[in-house]
Amino acid sequence: MGAEEKLFLVGDNPFHGISHLSQERSRVRGDAPTNPEYAAKLILISLENGANGFMFSVSETTLSILNVIDRNGMVESLSLYAIVPYAYEYVRLAGKVGGVPGLAKRIVKEVAFSGNLNAIAGGLKGVIEADLGSLVKTYLAYEISRIRSSAGKRARLESIMLHQLITDMCLGFDMDWFFDLYVNHILKIGFKPGFNTGNFAFLVKKFREWNINLEETVIAAPFNKIGFQMNPSREECEKALADMPKPNVLAISILAAGYLKPKEAIDYIANLPNIKGVAVGVSKESHAYETFKLIREKLNSS
Amino acid sequence: MIVKNLKVAVVGMGKMGMLHASILNTIPGVELVALCDKNFLIRRFLRKVFKEIAIVNSVKKLSKIDLDAVYVTTPVSSHYSVAKAIYSENIASNLFVEKTLASNFGEAKELCELARDSGGVNMVGYMRRFAVTFQKAKNLLDKKAVGEPVLFKAYAFSSDFYGVEGNLDGQPSNVGVVRDLGCHAIDLALWFFGDLEIEEAKIKSIVSNGVEDSAYAEVMATNGLRGEFDISWCIDKHRIPEVGVTIECSEGTINVNDDKLELNLKSGRYYRWFRHDLRDTVAFWLGGPEFFREDDYFVKSVIGNHVAEPSFYTSAKVDRIIDEIRAKAD
């Protein structure tokens, strides 16, 4: 990992009521983790025990959590890794508002009511000229302004990461120009461009083909001992990881959604090369305490 | 049929059209050659983004393009007219239609006849057949690992419209919950147990008048097996739609859903498999591993010119059962 401090991020899945082990498990957890006050408490406990950041999809829930943390005066202690757009919520919404055209109208309305004049102008240009680049920039400006207004001026927003669904859909379509545009724009506005993917090995291969500088990006992808969600295989993902030019990979799903015990999960990660950090969701105070204490102990020395 | 590069078009570029098109583009031997959508703005963006792919506004315009297969991912209400046009204009003989095949059994039957006459491969997008948990359950049932099925309870739940009565921010799908979500539970039951007949049914409107928001039905299979369907999009704590089946068998119980499979044997033995235990990775992951497996299987079926399941004929039974639920509930 070198001289750079490792990132130990609190993940937000439990705060959205998500468990990738089973939906039943998220129902058993109850509503507590989805309460912003309680979620903020879990993040603060994690922070006291070794966490140093928060990786979150930008949603009303996570923005409320950030607002609580800001009011507690702790927001500057967190490195913020924001994932946009909160795609699954938009997919759900599309089903309610009349598909993709209905969804597009809804987003346009939200941007227009945000009062962000640059965003509105960019959005208009994007629609009139069918310019996806302008629309992407407009949307990013809108999301960043939402984060800023909830997390406050002291917030350390470090990376804007593209949601897995969008990253992987664009990868599938071979949209090299889009990744190029995204990386350059995010760098230009002063953040680290990030990509959340379920196709780590494929993404690395494509980025190399397209001459996208892997050193300038951060990639969040599943890494765990049992190969859960590691596509096409654990072996291929490990091989691609070993070939990375520098440690810029954030391992997610390290507990395989609670299937693995923290110790065995973290032991596996500790032996991987090029890991910049990890993101782990916590749904109870005891989890927050134990998990991040263990992560700090095992991964700081790796 | 010898196909070097399978030339594919996708009709309907909403979320399912985008998903299938992106996956298809990653499958070796597949060439995405045309996209069709009636929305002007969507077509404008598609033209900017996909410069080497033909972008058209109507199915009939696909007849000028050399195609091996077409994906129909438009709203359910137009599946019949779009699929019929593809067959009658000889656009392609191999057709994949997102679920459900049609809006009713009458339309579905007609499409089955057109598909048979075309001689191509046809398939409907009941992607849960490609989920590892349901595949394992099917395998156990076929091997009679728990004896003979006696009773089943199938459910399909989501929270999409939970707690929005009188405060609806949007419009529930006008096809209703049985066709939109419940069709997955019905298809799985048909796959597991063979043909079914509806005995009793109830349908409720909760969110707005005239829209099916929940349904309950009792069924009987040809072999005397009895079963129930419980379907709703107004259930709390189901942020992600969930489909599952509990099957009481002569030697134990199988409990399967999207996430896991449990086996409780009368001998006292208990087994459980999560997705994690069932090799749930794919060459390209988008929206869930089921979608890649489904598309890859359809492509291989077309290239190999063999029957793909669920075929139109198989899936038309889902449309028939939905019609029966509605008729019995009236």
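**Barrel, helix packing and domain contact in a predicted model**

Chain A contains 13 helices and eight strands. The model is predicted. Of the 302 residues in chain A, 48% are buried.

The strands of chain A form a closed barrel of eight, in the order S1-S2-S3-S4-S5-S6-S7-S8, with parallel pairing. From one strand to the next, the twist averages 25°. Strand S3 (residues 79-84) and strand S4 (residues 156-162) of chain A run parallel and are joined by six bridges. Within this pair, Leu80(A) stands opposite Leu157(A) of S4(A).

Helix H11 of chain A spans residues 234-242. Its buried residues are Glu236(A), Cys237(A), Ala240(A) and Leu241(A). Viewed down the axis of H11(A), these buried residues fall within an arc of 135°, so they line one face of the helix. An α-helix has 3.6 residues a turn, so residues three or four places apart point the same way. The other side of H11(A) carries the exposed residues Glu235(A), Lys239(A) and Ala242(A). The cover over the buried residues of H11(A) includes helix H10 (200-209) and strand S7 (249-252) of chain A.

The largest nonpolar core has 196 residues. Leu9(A), Val70(B) and Ala189(B) have the most contacts inside this core. Helix H6 of chain B (residues 176-193) gives the most to the core, with eleven residues. Domain 1 (6-126 + 292-311) and domain 2 (129-282 + 316-329) of chain B both give residues to the core, so it lies between them. In soluble globular proteins, nonpolar side chains tend to be buried together. The surroundings of Val70(B) were examined with its neighbours within four places in sequence left aside. Val70(B) is then in contact with Ala9(B), Val11(B), Leu62(B), Ile86(B), Ile91(B), Ala92(B) and Leu95(B).

Chain B is divided into domain 1 and domain 2. Taken over C-alpha atoms, the centres of the two domains of chain B are separated by 27 Å. Domain 1 of chain B brings 16 residues to the contact, and domain 2 of chain B brings 13 residues. On the side of domain 1 of chain B that touches domain 2 of chain B, helix H4 (105-118) and helix H7 (289-304) of chain B each supply at least two residues. H4(B) gives the most to that side of domain 1, with four residues.

Methods. Residues numbered from 1 in each chain as written. Chains lettered and ligands numbered in written order. Predicted model: local features only at pLDDT ≥ 70, side-chain atom pairs only at ≥ 80, totals over all residues. Buried ≥ 20, exposed ≤ 12 C-beta atoms within 10 Å, placed from the backbone. Arc of directions from axis to C-beta. Contact = placed C-beta atoms within 7 Å. Pairing = 2+ DSSP bridges. Axes fitted to C-alpha atoms, helices over the stretch in contact; angles between N-to-C directions. Core = buried A, V, L, I, M, F, W, Y, C linked by C-beta atoms within 7 Å. Domains from an automatic or database assignment.
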